[in-house]
Amino acid sequence: MAKTHIDKSYEAELGALREQLLEMGGLVEAAIAGSVRAVVERDAVLADLVIRKDKTVNRMEVDIDGACRRILALRQPAASDLRFITTALKIVTDLERMGDLAVNIARRAVDLAQAPALQPLHDLGRLAALSEAALAKALDAFVTADPVKAEEVLEADDHLDALYLKIFNHLLTTMMEDPRTIRRATSLMFSAKHLERFGDHATNLAEMVIFMVRGTDVRHSKNKA
Amino acid sequence: MTAPADKIAVERLTAIFGKTEVLRSVTTSIPAMSVTAIIGPSGCGKSTFLRCLNRMHELTPGARVEGSILLDGQDVQGRDVDPVHLRRRVGMVFQRPNPFPTMSVLDNVSSGLRLNGIKGDHQATVEQCLRQAALWDEVKDRLRAPAISLSGGQQQRLCIARALAVAPEVLLMDEPTSALDPIATAKVEDLIHELKARYTIVIVTHNMQQAARVSDQTAFLYMGELVEVGATEQIFTNPREPRTEDYVTGKFG
């Protein structure tokens with residue numbers, strides 16, 4: 001970012017918006033990590049903390065929306081600034097939704113903590129790590145305006161989907177073998193599904209970053225199921 | 001939709017005042033029946049570019065031009081081209097409204113016709129031009145009043161009506177709203193949208209939002225060079241040239 005806006009207050013507004021988005025992204029990253037740890041470690045207290053912290057994420061969505069509207073109305077941004085603002089408006093919606101997915105997982109964690117452990121949850125932890133990494137990388141691509149990093153997020157989503165499918169099939173077998181596990185296995189299955197969706201949102205962010213930097217739309221370019 | 005034909009083709013246009021090159025080898029085309037906006041910082045050559053198109057530039061002592069400007073395929077600088085006739089085909093509206101102050105509204109509009117020796121009753125033409133300039137309803141009961149009695153915005157639309165009276169094909173506008181308030185500006189911009197059905201319009205403006213609002217094509221000039229020309233939407237959402245990007249986003253050059 002060698003060149004800055006002549007109007008320093010405008011430059012500051014754009015900088016503040018970027019910071020807010022990153023802060024919100026950081027909160028969502030922590031939420032997803034916390035929610036899955038709560039599942040794996042059967043920690044209802046941690047799950048509850050994740051659920052309560054989501055209020056902050058929701059408030060930030062409203063604040064960032066307002067900041068974007070204000071800049072659009074008062075500054076009439078053009079070119080890359082315009083793409084940044086319209087991207088920010090969309091990114092917050094995805095981030096807020098990702099926060100909600102973390103809350104959903106945390107709710108399952110509360111439930112699961114009250115029943116006996118079902119099985120080792122390595123794969124769920126790995127899926128969480130992949131989802132978290134996807135978000136971290138998408139945010140990094142956003143801050144550094146790096147479309148190459150964003151493309152890596154798109155590619156990584158296939159691994160995420162494959163791992164989800166593996167977990168799904170595994171849990172299905174568990175349920176067939178012992179119907180008493182159905183309630184717990186379903187909770188885990190939902191958690192895995194939420195993580196897979198979380199990864200899809202990270203993919204959305206990455207696509208938006210590519211648009212923001214290059215001005216070309218890569219959404220719906222490959223036929224996804 | 002087919003792409004509109006080019007009304008004007010500018011090739012390697014260089015404009016020189018004394019020893020200063022104000023425009024350097026500008027090549028671009030201006031599509032017919034559309035609005036082309038020229039943007040760029042002060043001194044970039046916008047107005048000079050505009051004034052070359054109807055040879056007003058050559059009225060400045062020491063000014064000369066290289067390259068060619070083809071209007072419907074014919075070089076406007078040809079020996080056989082009468083500049084007065086050219087300026088009838090390529091009319092101009094200036095930054096500050098410049099009606100003939102003591103002349104009536106009616107006489108202002110018909111002045112071009114009279115100067116060009118066109119005789120007869122001009123009333124019908126005057127009404128038509130005032131209607132086209134979206135001024136008729138406001139002045140129809142005071143056609144004999146002096147032009148100076150009109151508001152600034154009305155005066156500018158009167159000047160547009162005056163320019164239209166000689167039935168030009170191209171209308172050049174040099175910052176036509178910089179002396180007008182936002183409402184008068186909106187009226188002129190609305191008028192530009194109406195006029196492009198019949199005329200090819202080239203507008204120079206310092207107001208980038210105005211260029212974005214009124215034009216189909218935008219050209220960015222910087223220090224006498226044409227940096228980028230493209231569809232207005234592309235220039236303001238995704239310019240190709242970093243210098244255009246910096247200019248439209250308001251960054252240091």
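## Contact between the chains

In this predicted model, 13 residues of chain B are in contact with 14 residues of chain A. Contact means heavy atoms within 4.5 Å. Together the two chains bury about 1200 Å², with 51% of it on carbon and sulfur atoms. Buried area is the accessible area (1.4 Å probe) that two parts lose on being put together, summed over both.

The count between chain B and chain A is one salt bridge, meaning a side-chain nitrogen of Lys or Arg within 4 Å of a carboxyl oxygen of Asp or Glu. A:K3 and B:D246 form the salt bridge, with their closest N and O atoms 2.6 Å apart. Helices α9 (232–237) and α10 (242–249) of chain B each supply at least two residues of the side that touches chain A. The largest share, four residues, comes from α10(B). By type, that side of chain B divides into four nonpolar, six polar and three charged residues. Here Ala, Val, Leu, Ile, Met, Phe, Trp, Tyr, Cys and Pro count as nonpolar, Asp, Glu, Lys and Arg as charged, and the others, Gly among them, as polar.

## The four-stranded sheet

Chain B holds an open sheet of four strands in the order β2-β1-β4-β5, paired antiparallel. Strands β2 (20–31) and β5 (74–75) of chain B stand at the edges with a single partner strand each, so one side of each is left without a neighbour in the sheet. Helices (H or I, at least four residues) and strands (E, at least two) are DSSP runs, numbered from the N terminus. Two strands pair if DSSP finds at least two bridges between them.

Strand β1 (residues 6–17) of chain B runs antiparallel to β4 (residues 63–71) of chain B, joined by eight bridges. Within β4(B), B:V65 stands opposite B:A15.

## The β9–β10 hairpin

Strands β9 (residues 217–222) and β10 (residues 225–231) of chain B pair in the antiparallel sense over six bridges. B:F220 has B:E228 in β10(B) as its bridge partner. The two strands form a hairpin with two residues between them. In the turn, B:M223 has a positive phi of about 50 degrees.

## Confidence and conventions

The model scores ipTM 0.75 and pTM 0.83. Chain B has a mean pLDDT of 93, and 98% of its residues reach 70 or more. pLDDT is the predictor's confidence in each residue, from 0 to 100.

Residues are numbered from 1 along each chain as its sequence is written, and chains are lettered from A in the order in which they are written. Local features need pLDDT of at least 70, side-chain atom pairs count only at pLDDT 80 or more, and totals for chains, interfaces and linings use all residues, while side-chain values use heavy atoms, leaving out hydrogens and water.
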